[in-house]
Amino acid sequence: MNLVIGAATIGLILSLLGLGVFLSYRVYHLVDLTADGSFGIGVAVAAALLVRGVPPLAATAAAVLAGALAGGITGFLHTRFQVNALLAGVLTSTALYSVSLFVMGSGSLSLASAPTLVTQAQRLAGRLGLPETFTLFGTEVQASSIAALVLMALLAAGFALALTRFLATDLGTAMRAAGNNPQMARAVAIDVEGMVVLGLGVANGLIALSGALITQYQGFANITMGVGAIVTGLANLMVGETLLGRRSIGRWIAGAVVGAVVFRLLVAAAIRAGLNADALKLVTALFVLAVLIVPQWGARLRGPRPAGAHPG
Amino acid sequence: MFHRDTPSEVRALDGVDLAVERGTFTVVVGTNGSGKSSLLNAIAGSLGLTGGRVFLDGNDVTHWSEQRRARRLSRVFQNPFTGTASDLSVAENLVLAGGRGGPRGLRRALGRERRRDVREQVARLGLGLEDRLDTPIGLLSGGQRQALTLLMATMVKPSLLLLDEHTAALDPRSAEQVIRLTQAAVARGALTTLMVTHSLGQAVALGDRILVMHRGRVVHDLGDVRRRRLTEGDLLQLFDRLRWADRLDTAAAEMLRRAYI
């Protein structure tokens with residue numbers, strides 16, 4: 001049971017990464033490789049500030065801003081200088097690796113003694129007079145792990161709802177139009193370049209938040225934590241799309257959250273069943289690849305591909 | 001200018017000096033590659049100029065971006081897919097067009113009031129689309145999309161309406177319908193319109209003034225179309241003459257080549 005709770009908590013944290021990837025990949029049709037860097041900078045900024053005694057909320061907010069800035073830079077490189085989006089993302093995220101190292105001062109940091117959002121939530125649970133352990137489905141669970149789970153569930157649900165609402169506003173609709181048909185967007189006087197910069201900023205802000213929360217949950221920061229974030233985000237998104245579909249924006253976004261949790265539970269089950277944890281990224285990458293190409297095989301078996309069909 | 005400083009340099013527009021009077025309907029016709037669409041794109045800002053200026057409402061807009069010009073002018077493209085965002089619903093597309101020229105903030109895009117407003121406007125088209133407001137616009141036919149694009153281009157009154165062969169990709173029935181809607185919208189808003197077309201029939205039926213373009217130049221400027229009772233046949237004759245002139249050019253060149261080289 002504790003394994004399930006832990007996996008679900010991490011899934012909820014990584015669902016914010018999924019939301020960011022949803023915005024860049026599904027709304028703008030860009031594979032934004034800034035994700036690896038912005039997840040890392042989220043980890044680095046939050047950890048560095050927390051060990052210096054900055055209040056957790058402020059440290060988390062600073063991490064989000066750092067990620068948003070990184071996304072904005074990628075967007076600016078892409079729109080203003082017409083740098084290929086993949087390359088712009090790689091450039092930003094490579095540069096961020098060094099920045100993260102500077103910020104952290106070393107390759108890893110321990111948050112064991114620093115108060116974090118997670119320890120604050122646990123203290124709050126204690127003050128509410130909850131017992132330290134209780135029995136759930138026949139196993140003993142720590143109240144502290146339940147507190148972390150609830151905190152992350154609230155955050156994931158809150159941001160998912162906010163993003164859904166945002167995409168239904170005038171500005172959000174303009175962003176979706178800019179991603180869907182830039183020519184049409186320009187014709188109705190939408191600043192397409194500005195929308196890409198803003199969109200990637202918001203996306204990477206969410207991704208950095210995900211990084212800032214994971215470091216607080218795990219109690220340590222490591223410079224390599226951002227590696228492969230984009231692939232994890234894509235995997236979350238794809239599981240969600242398979243489970244809940246893409247019929248409406250709200251459903252799609254809810255899918256990104258559910259998908260992240262389900263994917264984490266699957267990962268936990270696989271590790272429990274004997275999968276080497278070192279193989280995790282390999283398995284995640286293979287999973288995304290499979291989701292991308294299996295529909296094509298299916299279509300080939302059924303008959304010739306219609307013109308204009310594309311995977312994903 | 002395309003392929004500049006290469007042997008295949010083409011002057012898409014060459015010394016075009018055109019003033020469009022407010023409230024008039026100007027039609028541009030011309031041979032293929034004559035620069036009709038380039039003229040429209042130069043005005044809209046999607047084609048950069050190597051020389052010359054563009055004025056709109058008395059403002060020099062030569063260095064304005066396409067999206068900035070779009071606050072004052074609107075366009076309907078030849079391809080019905082170009083003017084609408086296919087993944088967005090009919091209502092969302094219209095609301096985006098309704099916000100042309102204004103700031104876009106955090107207000108709900110489809111509040112009850114806006115929805116009612118959009119529904120009324122769509123109902124006025126008479127195509128029965130008011131019951132499909134939440135359908136992704138990409139699921140509609142080319143004719144329906146073009147009718148909606150026209151509505152989007154005219155719901156906020158533009159200083160100039162640009163129509164770029166906007167019925168060329170439609171079947172004859174839909175084309176006729178879109179032309180009817182065009183006439184109605186232009187009349188209702190007393191819009192200043194510049195239309196490019198290959199249909200000489202449309203040109204004489206809709207235009208107050210007809211420009212004939214050839215090789216990047218305006219070779220005929222026919223005002224007072226109605227009073228002069230210009231017909232499709234008259235225009236056809238002009239075209240034939242242009243084609244003869246072209247042939248004469250090549251024939252003469254051939255003769256000179258034989259004689260002197």
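Analyst: Happy to; what follows goes through this predicted model term by term.

User: What makes residues of chain A and chain B count as in contact, and how many do?

Analyst: The test is that two C-beta atoms, placed from the backbone, lie within 7 Å. By that test, 19 residues of chain A are in contact with 27 residues of chain B.

User: Which helices of chain A each supply at least two residues of the side that touches chain B?

Analyst: They are helix H7 (170-180) and helix H8 (182-187). H7(A) gives the largest share of that side, with 7 residues.

User: How do the residues of that side of chain A divide into nonpolar, polar and charged?

Analyst: There are 10 nonpolar, 5 polar and 4 charged.

User: Why is chain A described as having domains?

Analyst: Because an automatic or database domain assignment sets the bounds, chain A is divided into domain 1 (2-275) and domain 2 (281-312). The C-alpha centres of these two domains of chain A lie 26 Å apart.

User: How many residues of domain 1 of chain A are in contact with domain 2 of chain A?

Analyst: On each side there are 7 residues in contact. Those of domain 1 divide into 5 nonpolar, 2 polar and no charged.

Note on methods
Residues numbered from 1 in each chain as written. Chains lettered and ligands numbered in written order. Predicted model: local features only at pLDDT ≥ 70, side-chain atom pairs only at ≥ 80, totals over all residues. Helix = DSSP H or I, 4+ residues; strand = E, 2+ residues; numbered from the N terminus. Nonpolar A, V, L, I, M, F, W, Y, C, P; charged D, E, K, R; others polar.
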